[in-house]
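Good morning. Please have a look at the chain on the screen before I go through a few of its side chains.

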Amino acid sequence: MGRGQENLSLKRKRPDGKTPAQNLSDTERKVYECIRSKKDMGIFQGDIKKETSLIDSLIKKSLKFLLDHNLIKEFSHYQNKGKKYFMAVEFEPSAEVTGGAWYSNGALDMDFIAAVKVSCLMCIKQLKVATVEGIAEFFDKTHVFHNKCFSEKIGEIVQTLVLDNEVMEVKSTAMGEYAGIPFGALCYKLVKKQGGVPRGGVDFDSLRRLPSDTRVHA
């Protein structure tokens, strides 16, 4: 494509009061629709070229316009941190591309994981004995985390606590401290050596102030 063709393909109608998406050139619209079609999975810049058959310079100019007008956003894929991925602004990256609740900006969020570990330990101390579902429900009721805590995510953390010998797995007898928990259900109790869990009552107000406590996602 010659320079004349390139300039022609980027020509845009004069603003007419419509939204930026309605004032796109043919090339910008092609790039935008390609990105938007991927929804919450987003798309790698190199794949935009494959799907649109546009040259690099046109794709770069279109991406810049779309970013500047807040029609798309750039995000990090946790498995391909060095590559540029794009998504329409109305979508949020799925767990498949972000790595899930334990990742932030494509990197494992160690501070958040540590905070959730402490929260689980404090919750088990408060409940004496708890199932994974019970811990997640307790977090939901006490609003320790702003978003709903799903059991599978809490289960991942509890398993690391078992491996770290912080908590032990036990089976419910449905009697005594296990009352209300179905017989044979897998439960968790603190290991006797606990020294890292605060003594006395659980200060859930302090947990609510954790800087990462809004990043538990579905």
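Phe44, Phe75 and Tyr85 make up one aromatic cluster. This is a predicted model, where local features need pLDDT of at least 70, side-chain atom pairs count only at pLDDT 80 or more, and totals for chains, interfaces and linings use all residues. Residues are numbered from 1 along each chain as its sequence is written, and side-chain values use heavy atoms, with hydrogens and water left out.

How many aromatic pairs are there? The count comes to two. Rings of Phe, Tyr and Trp (its six-membered ring) pair if their centres lie within 6.5 Å; planes under 30 degrees apart are stacked, over 60 edge-to-face, and the rest tilted.

Phe44 and Tyr85 form a tilted pair, 5.8 Å centre to centre with 40° between the planes. This pair links distant parts of the chain, since Phe44 sits in strand S1 (residues 43-44) and Tyr85 in strand S3 (residues 80-88), 41 residues apart. Helices (H or I, at least four residues) and strands (E, at least two) are DSSP runs, numbered from the N terminus.

Phe75 and Tyr85 form a tilted pair as well, at 5.8 Å centre to centre and 50° between the planes. Here Phe75 lies in strand S2 (residues 72-77), ten residues from Tyr85 in strand S3.

Why is Tyr85 called buried? Because its relative accessible area is 10%, and buried means under 20%, exposed over 50%, partly exposed in between (1.4 Å probe, protein chains only). Phe44, at 22%, is partly exposed.

Now the lysine. Lys153 belongs to helix H8 (residues 151-163) and counts as buried at 12% relative accessibility.
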